[in-house]
Every structure is written in structure tokens, then in C-alpha cells.
Amino acid sequence: MTLIFATNNNNKVKEIRNALNERFEIISLKEAGIDKDIPEPYDTLEANASEKSRVIFEMTGKNCFSEDTGLEVEALNGEPGVKSARYADGEPQYVDIVDKLLAKMEGQDNRRARFRTVISVIIDGKESLFEGICEGRIITERRGNNGFGYDPVFIPDGADRTFAEMELDEKKLYSHRAKALKKLIEWLQQSSPS
Ligand code: IMP
């Protein structure tokens, strides 16, 4: 099965490909010849994920999926959440959003946080949603150089290293994205067994 993945984030493409078996071929937007930054205007992950897959389905008529992810920090009442990519002012880089998070968490004892991913898939014009959650905690300074976004300051429950200290094969044992993807794959396999 071939699916267009509605993202311009190469890290996400790498993670999704790493977590999928050979039954699925993932085409990135770039590979599909689509040069488009799809907006994320809504205040829920679900609505943003739906919007991204809808836009690509309307452009191509092909089976596709998208995902939206947020980091929800307990002590910050769920922030940055759906605004995770835009947590700092201007056109924020990963370094800015992590700095802002660490500053807001300074002196905070409750370090609990979770990543939540919502996948929206459109198969033959019909949409379905899948969710994956990874519980963990925010540490006080960066550790590791792998991954992206908040990976250097997030340790998933059951591990003692940050996502940025893990290779993809290890991150996928814990990750929100891999969990949502697993649900998607199980559903696809039930819908079209072979
Ligand atoms: P997006 O809106 O789904 O592209 O992601 C929002 C932001 O959350 C990204 O820009 C990253 O900063 C962050 N993010 C998403 N997924 C991850 C992850 O797996 N690890 C660390 N940060 C992530």
C-alpha cells in the first residue's frame, strides 16, 4: 500500500519509515512533487491533523495521512500542547522552543509531561483518526544530539535516557508517534488483509 505522508518534517518521515514494514510505501510531500507548507490553524491536534490530510487528499485524490504532535506539560496546564512548534516568538527554531520550556520549568518540582500524536488517515476518501501517547518527564538541561524538537529534554517512563540520547530503534519502543502508527497499521491490516 502506498500512502502520501503530509509533512515537510524529514525527522518525522524517517521515524515513520523506520517503524513501518515493507508492505507500506511512504511518499513524502517532496517526493510527491508537492511544495506546500500546510497551515496548522486550529486549537486541537485532531483538527490540525484532519486539515493536513484533507488538503493533500483534495490536491491528489490519493490515500494519505498526516500527524500532529504536541508536548503536554502537567505543571504548565498542558502547554505548549498544540502550539509546540510555535512556542517561542517569531519563526522559532528547535533551540528557542526548548529554551523557553526550560525557562518556564525552572524551579518546578512537578516535571511530568507527555507527548501526544494524532494521525489522520484518508483511505478512499474516508478519514479515520488514531492517537498515541508517551508519558515521561522534562529534565533540567539538554542531553543528547539525536532526534528533534523537545527530544533532548524528555525522558520517557521506563527509560533513563532522553529521546535525543536514543537511536530511532530505541525511541520507537516508547514513542507517541510509533504507538499511533501501530494502531493505524493494525487497522489497515484488518481492513485489507493479505
Ligand atoms: P508538529 O506540529 O506536529 O509538527 O510538531 C510540533 C512540535 O512538537 C515540533 O516542531 C517539535 O518541536 C515537537 N515535536 C513533535 N514530535 C516530537 C518528537 O517526537 N520529539 C520531540 N519533539 C517533537
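Predicted model: local features only at pLDDT ≥ 70, side-chain atom pairs only at ≥ 80, totals over all residues.

Let me begin with two helices, H1 (residues 10–19) and H5 (residues 176–191), whose axes come within 10 Å and cross at roughly 50°. Helices here are DSSP runs of H or I with at least four residues, strands are runs of E with at least two, and both are numbered from the N terminus. The axes are lines fitted to C-alpha atoms, for helices over the stretch in contact, and angles run from 0 to 180 degrees between N-to-C directions.

Residues are numbered from 1 along each chain as its sequence is written, and side-chain values use heavy atoms, with hydrogens and water left out.

Which residues make the contact between H1 and H5? On H1 they are Lys-12, Glu-15, Ile-16 and Ala-19, and on H5 they are Arg-177, Leu-181 and Ile-185, where contact means heavy atoms within 4.5 Å. These divide into four nonpolar, no polar and three charged residues; Ala, Val, Leu, Ile, Met, Phe, Trp, Tyr, Cys and Pro count as nonpolar, Asp, Glu, Lys and Arg as charged, and the others, Gly among them, as polar.

On a 1 Å grid over the protein atoms alone, a cavity is a set of points where a 1.4 Å probe fits but cannot get out, a pocket is an open set with protein on both sides within 12 Å along at least five of seven lines, and lining residues have an atom within 4 Å of a point. The structure holds one cavity of 30 Å³ or more, and about 70 Å³ of space lies in the largest cavity, a volume being the space filled by probe spheres set on the points. Its lining includes Glu-15, Ile-16 and Ala-19, together with Arg-177 and Leu-181, and H1 gives the most to that lining, with four residues.

The largest pocket holds about 950 Å³ of space and is lined by 36 residues, of which Asn-9, Lys-12, Glu-40, Ala-85 and Tyr-94 lie nearest its centre. Strand S3 (64–73) gives the most to this lining, with four residues.

Finally, the backbone: the peptide bond from Glu-79 to Pro-80 is cis, with omega near -5°, and Pro-80 is found in strand S4 (residues 80–81). Asn-77, in the loop between S3 and S4, has a positive phi near 50° although this residue is not glycine.
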